[in-house]
Amino acid sequence: MHEYSVTVRIAKIACDEAEKAHGRVREIDLVVGDEAGFVGESIQMYFDVVSRGTPCEGARLTIERVRPKLRCSSCGALFEKKPFSFACPLCGGNGTPTEIGREFYVKSVKLEVSDSCT
Amino acid sequence: MHMINRDVMTNINAENDHIAMHVNEYLKRKGIFTVNVMGAPGAGKTTSLEHLIKLLKAPCYVVEGDIESDIDTERLRAEGILASQINTFGACHLDAPLLHNAVHAMTLEKPGFLFVENVGNLVCPAEFSIGEDIKMLQVSVADGSDKPYKYPLAFEKAGVILLSKIDLTPYLDFDEDFFLKGVRHLNPNVPVFKVCGKTGEGYAEAAKWLAERAGK
């Protein structure tokens with residue numbers, strides 16, 4: 001259920017672009033951080049359902065995943081967290097959360113448009 | 001026919017965040033300080049609300065979020081607390097449109113506190129803003145001391161943490177130092193109050209903190 005409502009939003013964002021260009025959506029490129037809390041396979045599953053009968057029907061979803069990174073409060077390095085540890089691998093300092101890995105946006109869409117409409 | 005590429009760069013949660021901002025503005029205008037209450041099922045969230053509401057001097061309202069049933073709402077109403085229920089019927093968290101509809105159906109006559117008890121879940125409630133002023137996270141010692149490491153976002157986003165069921169500590173292997181170390185890494189300044197739902201211990205300090213934070 002978690003992914004359903006966001007998939008509806010993704011389809012809406014893409015359909016809006018298609019309508020502006022009087023075309024059909026052929027591909028939607030998403031950027032999803034691993035800590036955004038959304039599962040790519042679930043989005044794809046719901047997308048196939050919610051896109052039926054819309055300009056998005058049959059479109060391909062591509063998902064670019066982003067690994068979360070912490071920033072060391074001592075040396076400033078960005079690093080990937082190890083399980084049960086927040087320690088910086090370079091200096092042993094404390095890692096603090098960053099926005100890297102929380103991305104959740106539609107990066108671009110590929111549209112098929114008729115030659116007379118461009 | 002030919003293909004064109006369009007840059008979109010649109011945040012998928014933007015609409016939810018926009019509605020959350022609207023809900024927060026509406027509640028602020030009414031003098032309501034809104035607390036999004038998060039925690040695993042069974043952590044004791046409703047029990048904490050019962051204690052806190054007795055201790056807070058300002059009027060308190062509650063919205064209960066559950067997948068099904070109105071057990072908690074009825075329990076609070078039986079104590080004279082103004083409570084309303086959202087059933088998500090399968091959804092694992094509340095979002096801003098759900099709270100928007102709930103608050104517009106409520107009569108919030110006096111300034112005070114609105115506690116929104118989210119669906120019992122340590123994962124998704126942290127990801128969605130619903131229009132709250134702060135998130136209050138409740139974790140019980142029975143949940144385990146590894147929770148900040150396993151569910152970091154909930155701890156990072158928390159404005160205040162209640163560590164509950166502390167009367168059970170002698171019977172469990174809860175490692176408080178390990179727990180607090182994880183909390184401090186994610187959220188260095190968040191206050192942590194140790195509370196006991198059975199005896200009411202610790203809630204006076206938590207209520208005092210909430211009243212000061214809300215200016216009420």
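This report describes the sheets, cores and chain contacts of a predicted model.

## Basis of the description

Residues are numbered from 1 along each chain as its sequence is written, and chains are lettered from A and ligands numbered from 1 in the order in which they are written. Because the model is predicted, local features need pLDDT of at least 70 and side-chain atom pairs count only at pLDDT 80 or more, while totals for chains, interfaces and linings use all residues.

Four strands form an open sheet with mixed pairing in the order S2(A)-S1(A)-S6(A)-S1(B) (strands are DSSP runs of E with at least two residues, helices are runs of H or I with at least four, and both are numbered from the N terminus; two strands pair if DSSP finds at least two bridges between them). S2 of chain A and S1 of chain B are the edge strands, each pairing on one side only. From one strand to the next the twist averages 20° (axes are lines fitted to C-alpha atoms, for helices over the stretch in contact, and angles run from 0 to 180 degrees between N-to-C directions).

Strand S1 of chain A (residues 23-33) is joined to S2(A) (residues 60-66) by seven bridges, in parallel; Ile28(A) stands opposite Leu61(A), and Asp29(A) opposite Thr62(A). The path from S1(A) to S2(A) passes through helix H2 of chain A (residues 40-50) as a right-handed β-α-β crossover (with the strands pointing away from the viewer, the path from the first strand over the helix to the second runs clockwise). S1(A) also pairs with S6(A) in the antiparallel sense over nine bridges, with Glu27(A) opposite Lys110(A).

The sheet passes between the chains where S6(A) (residues 104-113) and S1(B) pair in the antiparallel sense over eight bridges; here Tyr105(A) stands opposite Asn11(B). Helix H1 of chain A (residues 2-20) lies across S1(A), S6(A) and S1(B), running at about 140° to S1(A).

## The contact between the chains

In total, 27 residues of chain B are in contact with 28 residues of chain A (contact requires C-beta atoms, placed from the backbone, within 7 Å). On the chain B side, S1 (2-11), H6 (152-157) and H7 (176-186) each supply at least two residues. S1(B) gives the largest share, 10 residues. By class, this side has 14 nonpolar, seven polar and six charged residues (Ala, Val, Leu, Ile, Met, Phe, Trp, Tyr, Cys and Pro count as nonpolar, Asp, Glu, Lys and Arg as charged, and the others, Gly among them, as polar).

## An enclosed strand in chain B

Seven of the seven residues of S3(B) (residues 60-66) are buried, so this strand is largely enclosed by the rest of the structure (a buried residue has 20 or more other C-beta atoms within 10 Å of its own, an exposed one 12 or fewer, and a partly exposed one a count in between, with C-beta atoms placed from the backbone). Cys60(B), Val62(B), Glu64(B) and Asp66(B) point one way, and Tyr61(B), Val63(B) and Gly65(B) the other.

S3(B) runs parallel to S5(B) (residues 112-117), joined by five bridges, with Tyr61(B) opposite Leu114(B). Six bridges join S3(B) to S4(B) (residues 82-87), also in parallel, and Val62(B) has Ala83(B) as its bridge partner. From S3(B), the chain crosses through helix H3 (residues 71-77) to S4(B), and this β-α-β crossover is right-handed.

## Nonpolar cores

The largest nonpolar core has 59 residues, of which Leu99(B), Phe115(B), Val116(B) and Ala154(B) touch the most other members (a core is a set of buried Ala, Val, Leu, Ile, Met, Phe, Trp, Tyr and Cys residues joined through C-beta atoms within 7 Å). Not counting residues up to four places away in sequence, Ala154(B) touches Met38(B), Leu122(B), Ala126(B) and Leu137(B). A second, separate core of 22 residues includes Val32(A), Ala36(A), Phe104(A) and Val109(A).

Definitions and conventions. Contact = placed C-beta atoms within 7 Å.
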